[in-house]
Amino acid sequence: HISPTVYSCSWRDNNLVSLGRGDGTVLHWDVRTPDTLHRPFSATSGIICGVDWDKEGESLAVGCNDNKVQIFRNTNLRDSETLTMVYQSAVKAISWNPVQRGILATGSGQNDQRVVVWDLISGNYKNCIDTKSQVTGLIWSPSCNQLITSHGHFDPNLRLWELKNSSNTCKLTGHTNMIVSIAKSPLNDHIISLSADESLRVWNIFAKNNASNKSRLSSSLLSLDKIR
């Protein structure tokens with residue numbers, strides 16, 4: 001049993017998973033020794049809403065309900081930097097670019113509603129998108145020129161964004177309440193969404209060799225209702 005409440009988690013490698021907790025601490029857990037937990041470190045005075053390791057396993061991004069995003073370097077996690085943009089809401093959605101080093105996408109809550117793509121090597125942001133809704137999840141497309149976002153109570157849908165012009169090219173409907181979490185399949189062709197309407201939906205978003213892209217995106221491939 002892990003206490004206090006865990007709100008987010010991210011694998012660093014095959015052995016180490018980092019847990020973001022409700023008391024503002026991050027706890028590292030080596031699954032090779034499941035009964036031993038690393039000493040937690042404090043990242044914020046509030047709740048940690050989202051965590052994500054980069055593909056190199058060198059940087060951990062932490063989104064908090066104090067409206068900040070912090071970047072911790074490697075597992076000693078003693079030195080951090082705070083992204084300079086001031087958010088107006090908690091940051092739950094965090095996702096490192098799986099191809100290009102140092103590129104981080106963040107999505108904020110109801111009072112901010114923005115997706116910001118950061119270049120942490122230059123220290124500047126590359127894109128800033130007003131989604132007009134609470135952002136609850138972020139996933140990069142396989143080509144990394146698009147982002148999928150999931151949204152909250154007032155817009156319980158998934159949206160596809162073109163990063164070159166920050167345009168919303170498609171809305172995926174089906175859920176009737178806020179989308180709590182989204183995840184991408186290992187082959188990068190499907191996305192699964194979990195909603196407060198107690199349903200799971202599988203979306204065939206990035207499948208290849210499909211002639212009718214828009215019709216494919218209009219509805220979920222598979223749904224499972226009333227999860228308990």
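Reader: Which strands supply the lining of the largest pocket in this model?

Author: In this predicted model, strand S1 (6-11), strand S5 (48-53), strand S9 (91-96), strand S13 (135-140) and strand S17 (179-184) each contribute at least two residues to the lining of the largest pocket. The space in the largest pocket comes to about 960 Å³, and of the 37 residues that line the largest pocket, Ser10, Asp52, Ile94, Ser95 and Leu138 are the closest to its centre.

Reader: What is the make-up of that lining by class?

Author: The lining of the largest pocket has 19 nonpolar, 11 polar and seven charged residues. For the second largest pocket, with a volume of about 220 Å³, the lining divides into seven nonpolar, five polar and one charged. Among the 13 residues that line the second largest pocket, Tyr7, Cys49, Ala90, Lys92 and Gln134 lie nearest its centre.

Reader: Why is the pair of Phe41 and Phe72 called edge-to-face?

Author: A search of the whole structure finds two aromatic pairs. The ring centres of Phe41 and Phe72 are 5.0 Å apart, and a pair requires centres within 6.5 Å; their planes stand at 65°, and since planes over 60 degrees apart count as edge-to-face, the pair is therefore edge-to-face. The pair links distant parts of the chain, with Phe41 in strand S4 (residues 41-42) and Phe72 in strand S7 (residues 69-73), 31 residues apart. Both Phe41 and Phe72 are buried.

Reader: How do you know whether Trp118 is buried or exposed, and what is the state of Tyr125?

Author: Trp118 has a relative accessibility of 2%, and because buried means under 20%, Trp118 counts as buried. Tyr125 has a relative accessible area of 46%, which falls between the limits of 20% and 50%, so Tyr125 is partly exposed.

Reader: What makes you say that the charged end of Arg12 sits over the ring of Trp53?

Author: The charged end of Arg12 is 5.4 Å from the centre of the Trp53 ring, and the distance part of the criterion asks for CZ of Arg within 6 Å of the ring centre. The criterion also asks for a position within 35 degrees of the ring normal, and Arg12 is listed as sitting over the ring of Trp53.

Reader: Why is strand S2 described as largely enclosed by the rest of the structure?

Author: Six of the six residues of strand S2 (residues 16-21) are buried, so S2 is largely enclosed by the rest of the structure. Leu16, Ser18 and Gly20 point one way from S2, whereas Val17, Leu19 and Arg21 point the other way, and all are buried.

Methods
Residues numbered from 1 in each chain as written. Predicted model: local features only at pLDDT ≥ 70, side-chain atom pairs only at ≥ 80, totals over all residues. Heavy atoms only, no water. 1 Å grid on protein atoms, 1.4 Å probe; cavity = no way out; pocket = protein on both sides within 12 Å on 5 of 7 lines; lining within 4 Å. Points joined across faces, edges and corners; volume = space filled by probe spheres on them. Helix = DSSP H or I, 4+ residues; strand = E, 2+ residues; numbered from the N terminus. Nonpolar A, V, L, I, M, F, W, Y, C, P; charged D, E, K, R; others polar. Phe/Tyr/Trp six-rings, centres within 6.5 Å; stacked < 30°, edge-to-face > 60°. Buried < 20%, exposed > 50% of the residue type's maximum accessible area, 1.4 Å probe, protein only.
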